Structures are given as structure tokens and as C-alpha cells.
Amino acid sequence: MSITLTPAALARVQRFLAESPDAIGLRFGAKKTGCSGWQHFADLATDERAGDSVYEDGGVKIYVDMMSLPQVDGTQIDVVKHRLGDQFMFRNPNANAECGCGESFTTSADLA
């Protein structure tokens with residue numbers, strides 16, 4: 001599987017990268033937190049770390065650490081209009097449930 005960017009997300013990330021000369025791509029993953037167990041994170045990557053899986057979409061490198069990969073593999077990253085601004089949205093095929101506020105998710109492995 002892989003991590004992909006919609007055209008809107010690709011344009012947004014490319015703009016962030018153009019504004020940050022030290023960045024080499026997007027760092028994406030999940031961390032243990034929230035009321036459902038996992039929360040997505042996305043930030044600019046400034047280095048490649050041991051154990052990273054590296055995907056490329058539209059010329060943008062996406063770095064995922066090995067602990068996050070089982071939770072986020074196959075995710076499509078999008079940007080959607082929300083109220084007065086835009087925000088990243090994650091279409092994650094591994095997420096079985098989300099908390100009420102939509103900030104965290106649970107996977108089938110968490111339910112086992």
C-alpha cells in the first residue's frame with residue numbers, strides 16, 4: 001500500500017515546502033493519544049530517520065516511521081474547507097472507529 005495526496009493536499013504541501021527550505025518532504029504518522037487511541041499527525045520532514053518508509057506522490061516525499069505504518073498505511077491525505085479555513089483530512093482504511101470529535105481513531109488491532 002502507500003500514502004497518497006489528493007491534488008488539493010499536494011498543492012498545499014508543495015506550498016509549505018517552498019516556504020521551508022530546510023524541509024525535504026512531509027512527515028506523516030499516528031501517535032498514541034486521544035479518547036480512541038490514535039491521532040494522525042502531519043508535519044514537514046527535515047530528515048530521513050532510520051526505519052522510515054518513504055513514499056512519493058506528485059514529487060513530494062512522504063516519510064512514515066515504522067511504528068506508525070501499520071496504523072496509516074493506505075491513507076489518502078486531503079485538504080477540505082472547514083468554516084473559515086482549510087484543514088487536512090485523512091481517509092484511513094485502517095480506522096474502524098473515531099471518537100465523537102473526530103480527532104482520534106481506533107484500528108481493528110486495537111479491538112483485538
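How many bridges join strand β6 to β7, and do these strands run parallel or antiparallel?

Author: The model is predicted, so that local features need pLDDT of at least 70 and side-chain atom pairs count only at pLDDT 80 or more, while totals for chains, interfaces and linings use all residues. Residues are numbered from 1 along each chain as its sequence is written, and side-chain values use heavy atoms, with hydrogens and water left out.

Strand β6 (residues 76-82) is joined to β7 by 7 bridges, and the two run antiparallel. Within this pair, D78 has M89 of β7 as its bridge partner. Strands here are DSSP runs of E with at least two residues, helices are runs of H or I with at least four, and both are numbered from the N terminus; two strands pair if DSSP finds at least two bridges between them.

The pair belongs to an open sheet of 3 strands, ordered β1-β6-β7, in which the pairing is mixed. Because β1 (4-5) and β7 (85-91) each have a single partner strand, they stand at the edges, and one side of each is left without a neighbour in the sheet.

Elsewhere, strands β2 (residues 25-33) and β3 (residues 37-45) pair in the antiparallel sense over 9 bridges, with K31 bridged to Q39 in β3. Strand β2 also runs parallel to β5 (residues 60-64), to which 2 bridges join it; L26 stands opposite I62 of β5.

Overall, the protein has 3 helices and 9 strands. Of its 112 residues, 38% are buried, meaning under 20% relative accessible area with a 1.4 Å probe, protein chains only.

Methods
Buried < 20%, exposed > 50% of the residue type's maximum accessible area, 1.4 Å probe, protein only.
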